[in-house]
Amino acid sequence: MLELLATNIGHMYGDQAGLPVHGDGPVVAALSDGLTIIDRDGIVQLWNPAAEQLTGRTVGEMLGRPLQFPVPPPGQVLVHRLPSGRLLKVTAGDLPNTAAMRVVTFRDSTDQDRRHEDRDLFVAVTSHELRTPVTVIKGYADTLTNHWETLGEDGRQEAVRVIGARAGELARLVDRLLSATSDDGEVGVHPPGPFDLVDGLRHAAGQLPEDLRRRLVLDRLPGELPKAFGDRDSLATILTELATNADKYSARDTEVEVSADADETTVTFRVADRGIGVKPEHVERAFERYWQGESHDRGRNPGAGLGLYLVRRIVERQHGWVSLRPRDGGGTVAEVRLPRA
């Protein structure tokens, strides 16, 4: 398509490459994609109406001036973010019958890229959620196979109960995955609504692996709070990641405290540990994809550096806010704020 367009424009303008040309021809003006022609020095010679709409820059502002975003080599695609946050997918090709002129087209790819990002997020979240029930099911199944006689009736019944509960959790996750892959809308997000944060936190804590659940202290949760507005089911993922992070960076014999409160606009909960703490310069980096701090016990919950990244993405989807800060007396506090219903 770009090659055909370049050829047609080249025939239209012939050897007039040294003259500024306006994008007001019927073909060029009718294009829904932004189109510009630049010379060998990157100076704009043509700027069509769609280019004005996409960038907010008029013909008068652009003609005879350098193009303000990078141009990929012919045959390649480049995604450029404008100051407004809009994403442009940029392609380029040489203009025939001209002296070193290049035609550049660009279109708004913001929605498409966001959908891809949403799908990547959902896959990452689901992978994290699948890991725990699969590990537990396999562990208890191996225990039943290898220690059937020594477990006794009570032990066998408990193992079967846990396997059944985790299998049900696994089935729900698979159902969610199947429904999301067939849905054209936003993926991996439940409809938001009012919910009881304290009740949701207690329920989410009950779903944690036993070694994490034993370390968690819920005594500071109040009896009731104003309703939060968001996705109650996401608390399981959020609390799992924050508790796992606290466990990874603190000694086994220390507690991980969960507390909550509310103000006029938000409902907040905190997960606080007595670990190695977070350096001020690492507070924001901790939420980057694949970034990990130094742990005194790398063998425990090594992870992939995705936990806090996922937490921030999930919380921000609900118009919330998450942060880390050093804890008085040593350790780290992870704070999650959600809107009040």
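Predicted model: local features only at pLDDT ≥ 70, side-chain atom pairs only at ≥ 80, totals over all residues.
## Lining of the largest cavity

By residue class, 6 nonpolar, 2 polar and 1 charged residues make up the lining of the largest cavity. The residues concerned are L242, N245, A246, V271, D273, L324, T332, V333 and A334. Two elements, α8 (234-248) and β12 (332-339), each contribute at least two residues to this lining.

The space in the largest cavity amounts to about 70 Å³. Across the whole structure, the search returns 2 cavities of 30 Å³ or more.

## Nonpolar core

The largest nonpolar core comprises 37 residues, and those with the most contacts inside it are L197, L216, L242 and F269. Two or more residues each are given to this core by α6, β7 (216-220), α8, β9 (256-262), β10 (266-272), α9 (307-317), β11 (321-326) and β12. Of these, α8 supplies the largest share, 7 residues. In soluble globular proteins, nonpolar side chains tend to be buried together.

## Helix α6

Helix α6 spans residues 197-206, and its buried residues are L197, V198, G200, L201, A204 and A205. Viewed down the axis of α6, these buried residues fall within an arc of 160°, so they line one face of the helix.

At the start of α6, a side-chain oxygen of D196 comes to within 3.0 Å of the backbone nitrogen of V198. V198 is itself one of the buried residues of the helix.

How values were computed
Residues numbered from 1 in each chain as written. Heavy atoms only, no water. 1 Å grid on protein atoms, 1.4 Å probe; cavity = no way out; pocket = protein on both sides within 12 Å on 5 of 7 lines; lining within 4 Å. Points joined across faces, edges and corners; volume = space filled by probe spheres on them. Helix = DSSP H or I, 4+ residues; strand = E, 2+ residues; numbered from the N terminus. Nonpolar A, V, L, I, M, F, W, Y, C, P; charged D, E, K, R; others polar. Buried < 20%, exposed > 50% of the residue type's maximum accessible area, 1.4 Å probe, protein only. Arc of directions from axis to C-beta. Polar contact = N/O pair within 3.5 Å; in protein donor to acceptor, adjacent residues only side chain to side chain. Core = buried A, V, L, I, M, F, W, Y, C linked by side-chain atoms within 4.5 Å.
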